[in-house]
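Work through the exercises below with the coordinates open. Each task is followed by a stepwise solution.

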Protein chains: 2
Amino acid sequence: MAMRYELYYWPDIQGRGEFVRLALAEAGADYVDIGRRRGSGAIVAALERRREKHPSFAPPFIKAGRLTVGQTANILLYLGVRHGLAPKDEAGRLWVHQLQLTLADFIAETHDTHHPIALALYYEDQRRESKRAAAEFWKRRPHKYLGYFERLLEQGPYLLGRRLSYADLSLFQVIAGLRYAFPKRMKRIERKVPRVVALAERVAKRPRIAAYLASEQRIPFNELGIFRHYKELDE
Amino acid sequence: MAMRYELYYWPDIQGRGEFVRLALAEAGADYVDIGRRRGSGAIVAALERRREKHPSFAPPFIKAGRLTVGQTANILLYLGVRHGLAPKDEAGRLWVHQLQLTLADFIAETHDTHHPIALALYYEDQRRESKRAAAEFWKRRPHKYLGYFERLLEQGPYLLGRRLSYADLSLFQVIAGLRYAFPKRMKRIERKVPRVVALAERVAKRPRIAAYLASEQRIPFNELGIFRHYKELDE
């Protein structure tokens with residue numbers, strides 16, 4: 001029942017699409033990264049396609065045969081059970097989805113440290129506010145979120161215990177992103193969440209993830225995505 | 001198979017819990033609003049409960065027998081199929097969930113107009129930034145989001161066409177909240193999205209929703225929740 005997926009996402013950033021790319025990589029799924037193959041014009045055209053029965057508000061979205069699924073966490077909900085990245089029973093599925101939505105909240109808050117005023121403005125136009133937002137953010141939010149995941153990891157090497165799920169892949173990506181964006185601040189906090197750090201390393205070493213990360217498919221972090229390195233926000 | 005749910009959410013605000021309360025009301029479900037019955041101390045205690053197998057990062061969460069489900073959209077995913085507020089087929093379930101997650105993004109952006117710098121700070125401590133954030137927000141975000149839903153409503157009276165779903169209840173709540181927080185700005189935009197406005201009215205008139213809205217269970221909007229009225233942010 002091998003299905004060839006199409007992923008629709010911007011070609012120049014990891015962004016929210018990366019959480020989907022990591023799940024597809026770990027699953028060994030066959031997919032075409034439409035944005036990278038045909039450019040961002042193809043993404044815009046797909047978004048504006050009038051005949052689309054289930055149009056997305058924004059990328060990422062995937063096509064799986066006749067099905068179109070949008071919203072990062074929703075895509076992972078769909079892919080998870082199909083590719084062994086989520087439990088099959090309802091309670092387990094809801095739990096991993098809950099973790100993913102909590103990560104999504106953390107990711108949005110992290111993004112907003114460099115865009116506190118508006119998405120549509122450049123960072124340079126909200127730099128003073130960003131400094132204040134980043135300082136406030138680092139007073140408590142990463143401790144609170146990472147502390148929450150640290151506590152869950154008392155049960156085993158992965159968030160669900162012994163079994164890898166898509167939420168682990170996303171937590172890896174969050175750690176990688178925070179390290180890129182805030183290297184100094186992360187160094188200080190990592191000591192306090194050793195299990196989270198170990199999980200991130202465990203995920204990075206999984207053969208398919210390691211191969212993906214070493215490939216050209218992995219777009220480098222940059223100052224257009226969710227996790228951006230601005231020295232002045234890292235103290 | 002009638003189940004008595006327990007809803008865990010803060011007792012003094014509509015907040016994110018309200019999206020769940022509306023779904024429970026429309027479903028005619030039997031539930032105990034734990035926060036309102038026992039106070040916010042009971043919510044904090046439940047959050048900190050060490051033996052909890054699936055602890056939530058934050059409220060709302062619900063208990064359904066031995067199952068605990070957190071994250072607003074995830075709770076609705078769980079309740080939806082059980083109470084006829086979502087289609088039973090996978091494609092339909094994913095689509096209504098996608099709409100809910102898009103509404104969640106809109107809600108978070110709306111909230112951030114009065115808290116652009118930090119959740120932990122008072123509005124008064126981020127007032128200048130809020131003015132800028134609210135002005136930028138109103139330049140395009142409500143038009144873009146509501147325009148998206150307006151387009152979907154070309155297919156029928158509800159977002160899925162002829163059938164009510166939990167996403168319709170949430171869109172009603174968003175409109176009610178925006179009207180409360182930004183009465184002037186909303187007046188101007190409502191003309192452009194007549195189908196969305198009609199949907200909100202349709203939902204408000206559903207017998208169980210109308211009864212709920214008229215009851216004491218409906219907490220009035222206030223300046224502690226997601227939708228807050230600050231005159232200076234409404235121009």
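**Exercise 1.** Which residue takes a positive phi in the hairpin of strand 3 of chain A and strand 4 of chain A?

Solution. Note before starting that the model is predicted.

Step 1. Locate the two strands. Strand 3 of chain A covers residues 61-64, and strand 4 of chain A covers residues 67-70.

Step 2. Inspect the turn. There are 2 residues between the strands. A:Gly65 has the positive phi, near 60°.

**Exercise 2.** Give the strand order of the sheet in chain B, and identify its edge strands.

Solution. 

Step 1. Trace the order. In chain B, 4 strands form an open sheet ordered 2-1-3-4. The pairing is mixed.

Step 2. Find the edges. Strand 2 (30-33) and strand 4 of chain B each pair on one side only, which makes them the edge strands.

Step 3. From one strand to the next, the average is 25°.

Step 4. Examine one pair. Strand 1 (residues 4-8) of chain B runs parallel to strand 2 of chain B, joined by 4 bridges. Within this chain, B:Leu7 is opposite B:Asp33 of strand 2.

**Exercise 3.** What rotation and shift superpose chain B on chain A?

Solution. 

Step 1. The rotation is 180°, with a shift of 0.0 Å along its axis. The RMSD is 0.0 Å.

Step 2. Name the symmetry. Such a relation is that of a two-fold axis.

Step 3. The C-alpha of B:Pro116 is the nearest to it in chain B, at 2.7 Å.

**Exercise 4.** How many residues does each chain bring to the contact, and which elements of chain B supply its side?

Solution. 

Step 1. Count by chain. Chain A gives 29 residues and chain B gives 29 residues.

Step 2. Assign elements. On the side of chain B that touches chain A, at least two residues each come from strand 4 (67-70), helix 4 (72-82), helix 5 (90-112) and helix 6 (127-152) of chain B. Helix 5 of chain B has the largest share, 8 residues.

Step 3. Sort by class. This side of chain B holds 18 nonpolar, 7 polar and 4 charged residues.

Step 4. Compare the copies. Of the interface residues of chain B, 100% are also interface residues in chain A, so the copies meet through the same surface.

Technical notes
Residues are numbered from 1 along each chain as its sequence is written. Chains are lettered from A and ligands numbered from 1 in the order in which they are written. This is a predicted model: local features need pLDDT of at least 70, side-chain atom pairs count only at pLDDT 80 or more; totals for chains, interfaces and linings use all residues. Two residues are in contact if their C-beta atoms, placed from the backbone, lie within 7 Å. Ala, Val, Leu, Ile, Met, Phe, Trp, Tyr, Cys and Pro count as nonpolar, Asp, Glu, Lys and Arg as charged, and the others, Gly among them, as polar. Two strands pair if DSSP finds at least two bridges between them. Axes are lines fitted to C-alpha atoms, for helices over the stretch in contact, and angles run from 0 to 180 degrees between N-to-C directions. Copies are superposed by least squares on the C-alpha atoms of residues with pLDDT of at least 70 in both.
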